[in-house]
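Open the model in your viewer and keep the selection tool at hand. Each stop names what to pick and what to look for.

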Amino acid sequence: MSGRKQFDIGAALDQAMRVFWQRGYADASLDALGAATGLGRGSLYGAFGNKDALFGQCLDRYASIYGAQYEQALAAHPGDPVRAIEAFFDVILGRIADPSVPVGCLIAQSAAQSLTLKEENGIQVRGLLDTQRGRVRAALADSSADTRTLDELATFVVAVNQSLAVLSRAGTSDAELRSVTRLACTTVADTLTRAAPEDVAQG
């Protein structure tokens, strides 16, 4: 039919997402995006708008794919925040080890290039990090620790997650990454134990 798009927008968005994920925003040229999606510049602009708009849609797609996995892992162990964090890191390590996707994390890659992003994209990246922190904080809420400790631990867990992405891009082995997450989970467990009210800790 006249005017009907002759390509799969979702598939094209997935391919564009991979380019941003592999190269980062600054090095994801329109030529590279076009080659990956099979679309000319006119079709790219017509379907997604400009590069910044396409990047924003790719961030949303990435967040929807992996955010659902994070939520499921963090919610799978009610009443056991340490196990929830372990499950969260298992999902992260699974993504890192998956040979079908680029190494690292699109959000971490984008956060590292924040100075090159348009303001709205920078705000979007910060918002996605805040969303991740909120998910982790909610999983930790089953603990009896005080609010400040839980807030700090949520930030710590997100920081470790972002570090895993950077280390994986530098070629750090799976065994080394797993040792990082084990120590992180031990830190979470020890901190929660120390922060618990004395009567709870003894009970």
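Which residues of helix 1 are buried? Pick A12, L13, A16, M17, V19, F20 and W21. An α-helix has 3.6 residues a turn, so residues three or four places apart point the same way.

Now take helix 1 whole, residues 9-23. Its 15 residues reach 21 Å from first C-alpha to last, close to the 21 Å expected at 1.5 Å a residue.

Check both ends. At the N-terminal end, D8 is the cap of helix 1. One of its side-chain oxygens sits 2.9 Å from the backbone nitrogen of G10. After helix 1 comes G24, with a positive phi near 85°.

Next, select helix 5 (residues 81-97) and helix 7 (residues 119-140). Their axes are 8 Å apart, and the packing angle is about 145°. On helix 5, show P81, A84, I85 and F88; on helix 7, show Q132, V136, A139 and L140. By class, seven residues of this contact are nonpolar, one is polar and none is charged.

Finally, color by pLDDT. The chain mean is 91, and 94% of residues reach 70 or more. Where pLDDT is low, the predicted coordinates should not be read in detail.

Conventions
Residues are numbered from 1 along each chain as its sequence is written. This is a predicted model: local features need pLDDT of at least 70, side-chain atom pairs count only at pLDDT 80 or more; totals for chains, interfaces and linings use all residues. Side-chain values use heavy atoms; hydrogens and water are left out. Axes are lines fitted to C-alpha atoms, for helices over the stretch in contact, and angles run from 0 to 180 degrees between N-to-C directions. Helices (H or I, at least four residues) and strands (E, at least two) are DSSP runs, numbered from the N terminus. Contact means heavy atoms within 4.5 Å. Ala, Val, Leu, Ile, Met, Phe, Trp, Tyr, Cys and Pro count as nonpolar, Asp, Glu, Lys and Arg as charged, and the others, Gly among them, as polar. pLDDT is the predictor's confidence in each residue, from 0 to 100. The expected span of a helix is 1.5 Å times one less than its number of residues. Buried means under 20% relative accessible area, exposed over 50%, partly exposed in between (1.4 Å probe, protein chains only). A polar contact is a pair of N or O atoms within 3.5 Å; within protein, one must be able to donate a hydrogen and the other to accept it, and residues adjacent in sequence count only if both atoms are side-chain atoms.
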